[in-house]
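Reader: I should like to learn how to read the features of a protein model. May we work through one example together?

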Amino acid sequence: EFNFERIDITEVVRNITEMYRPQLTAEGFKVDIDLPEKEIIVNIDKDAISQSVLNLLNNAVKYSSERKYILVEMHEAESFVVISVTDHGVGIPEREYKNIFSYFYRIPDSNGTMVKGTGLGLTITKYIIEAHKGTISVKSEMNKGSKFVIKIPV
């Protein structure tokens, strides 16, 4: 059950990213945040959107090895607010794009072992975003990183 309210999504994304930044920094990550200076008021469940961003940040950590970098961006585009989380991790094969949002699905790493987790983070994130009448997509390049993009109507 969601608790929708008209709220500044810029503040929500900033707060969850800044709350998680000390842990990311302690794990050796450089984190850049590029958010609008102005408020963007949308009808959202702030806890659910925070969970979605946190899930993407957690995945960026899990699937990054030597190149520990995360970029969180947000902007308005037409009638949407666009939130993206980009990493410089191991990447996702294009053939896996359709599977990664499925329940319990996890991609084995290059040596065939599984990364720790339940395989529910992206499934939950997709469910949350779709409940907000939005979309989530991914673009990735092997050994270069991934960019997850959330679009939510304003």
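This is a predicted model: local features need pLDDT of at least 70, side-chain atom pairs count only at pLDDT 80 or more; totals for chains, interfaces and linings use all residues.

Reader: How many helices and strands does the protein have?

Author: Helices (H or I, at least four residues) and strands (E, at least two) are DSSP runs, numbered from the N terminus. The protein has three helices and seven strands, and along the sequence they follow the pattern β-α-β-β-α-β-β-α-β-β.

Reader: At what angle do helix α1 and helix α2 pack?

Author: Axes are lines fitted to C-alpha atoms, for helices over the stretch in contact, and angles run from 0 to 180 degrees between N-to-C directions. Here α1 (residues 9–26) and α2 (residues 46–62) pack at about 40°, and their axes are 9 Å apart.

Reader: Which residues of α1 and α2 meet?

Author: Contact means heavy atoms within 4.5 Å. From α1, the residues I9, V12, V13, I16, T17, Y20 and L24 meet K46, I49, S50, V53, L54, L57, N58 and V61 of α2. By class, this contact has eleven nonpolar, three polar and one charged residues; Ala, Val, Leu, Ile, Met, Phe, Trp, Tyr, Cys and Pro count as nonpolar, Asp, Glu, Lys and Arg as charged, and the others, Gly among them, as polar.

Reader: How many residues of α2 are buried?

Author: Buried means under 20% relative accessible area, exposed over 50%, and partly exposed in between (1.4 Å probe, protein chains only). Twelve of the 17 residues of α2 are buried, so this helix is largely enclosed by the rest of the structure. Among them are A48, I49, S52 and L56. Of the 154 residues of the protein, 45% count as buried.

Reader: What are the span and the start of α2 like?

Author: The expected span of a helix is 1.5 Å times one less than its number of residues. For the 17 residues of α2 this gives 24 Å, and the end C-alpha atoms are 24 Å apart, which agrees. At the start of α2, a side-chain oxygen of D45 comes to within 3.0 Å of the backbone nitrogen of D47. A polar contact is a pair of N or O atoms within 3.5 Å; within protein, one must be able to donate a hydrogen and the other to accept it, and residues adjacent in sequence count only if both atoms are side-chain atoms.

Reader: Is I129 buried or exposed?

Author: I129, found in α3 (residues 121–131), is buried, with a relative accessible area of 1%. Leaving aside neighbours within four places in sequence, I129 is in contact with residues including I49, S52, I136 and I150. The buried residues of α3 pack against α2, β6 and β7.

Reader: Where do E78 and N143 lie, and what is the phi of each?

Author: Most residues other than glycine have a negative phi. E78, which is not a glycine, has a positive phi of about 55°. E78 lies in the loop between β4 (69–77) and β5 (80–87), and is exposed, with a relative accessible area of 80%. N143 has a positive phi near 65°, is placed in the loop between β6 (135–141) and β7 (145–153), and is exposed at 57% relative accessible area.

Technical notes:
Residues are numbered from 1 along each chain as its sequence is written. Side-chain values use heavy atoms; hydrogens and water are left out.
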